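Keep the sequence and the 3D view side by side as you read.

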Amino acid sequence: MYTQSPIEINPKIMTGKPVIRGTRITVELILEKLAAGESIAQIIEAYPHLTEDQIKAALAFAAASLKADSIYPIGLAS
């Protein structure tokens, strides 16, 4: 279990994109791989220093980020 978040945002790492702490692996990369159909096991195989918990933390971070957004509908064109 982590005592601090496994997700880090640092402007000196990957221009401030959220990454897995201690790596240059972005949350965005993990989401793209999952969306492309890769499994958690395949991601870990490609990046053996990652853990399943870190990948799940990336998903939780992305979900929380979306929840924080305010969405305002725009009018539909006639």
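Predicted model: local features only at pLDDT ≥ 70, side-chain atom pairs only at ≥ 80, totals over all residues.

**How the two helices pack**

- Two packed helices are described by the angle between their axes and the distance between the axes.
- For helix H1 (residues 27–35) and helix H3 (residues 52–68), the axes come within 9 Å and cross at roughly 100°.
- Angles of 65 to 115 degrees count as roughly perpendicular, so H1 and H3 are roughly perpendicular to each other.
- On the H1 side, the contact is made by Val 27, Ile 30, Leu 31 and Leu 34.
- On the H3 side, the partners are Ile 55, Ala 58, Leu 59, Phe 61 and Ala 62.
- Sort these residues by class and you get nine nonpolar, no polar and no charged ones.

**The nonpolar core**

- The largest nonpolar core has 11 residues in all, among them Ile 7, Ile 20, Ile 43 and Leu 50.
- H1 and H3 each supply at least two residues of this core.
- Which helix gives the largest share? That's H3, with four residues.
- Ala 58 belongs to this core, and leaving aside neighbours within four places in sequence, Ala 58 is in contact with Ile 7, Ile 20, Val 27 and Ile 30.
- Ala 62 is another core member and lies in helix H3.
- Is Ala 62 buried or exposed? Its relative accessibility is 15%, and buried means under 20%, so Ala 62 counts as buried.
- Apart from neighbours within four places in sequence, Ala 62 is in contact with Val 27 and Leu 31.
- Ala 62 and Val 27 sit 35 residues apart along the chain, yet their C-alpha atoms are separated by 7.5 Å.

**A buried threonine in a loop**

- Thr 23 lies in the loop between strand S2 (19–20) and H1.
- Thr 23 has a relative accessibility of 12%, so this residue counts as buried.
- A polar atom of the Thr 23 side chain lies 3.0 Å from the backbone nitrogen of Ile 25.
- Thr 23 also touches Ile 13 and His 49, not counting residues up to four places away in sequence.

- Met 14 isn't a glycine, but has a positive phi of about 50°.
- Thr 15 isn't a glycine either, and its phi is positive too, at about 50°.
- Met 14 has a relative accessible area of 29%, so Met 14 is partly exposed.
- Thr 15 has a relative accessible area of 72%, so Thr 15 is exposed.

- Where does Ile 74 sit? Look in the segment after H3.
- Ile 74 has a relative accessibility of 73%, and exposed means over 50%, so Ile 74 counts as exposed.
- Ile 74 and Ala 46 are 28 residues apart along the chain, and their C-alpha atoms are separated by 41 Å.

Key
Residues numbered from 1 in each chain as written. Heavy atoms only, no water. Axes fitted to C-alpha atoms, helices over the stretch in contact; angles between N-to-C directions. Parallel < 35°, antiparallel > 145°, perpendicular 65-115°, else oblique. Contact = heavy atoms within 4.5 Å. Nonpolar A, V, L, I, M, F, W, Y, C, P; charged D, E, K, R; others polar. Buried < 20%, exposed > 50% of the residue type's maximum accessible area, 1.4 Å probe, protein only. Polar contact = N/O pair within 3.5 Å; in protein donor to acceptor, adjacent residues only side chain to side chain. Core = buried A, V, L, I, M, F, W, Y, C linked by side-chain atoms within 4.5 Å.
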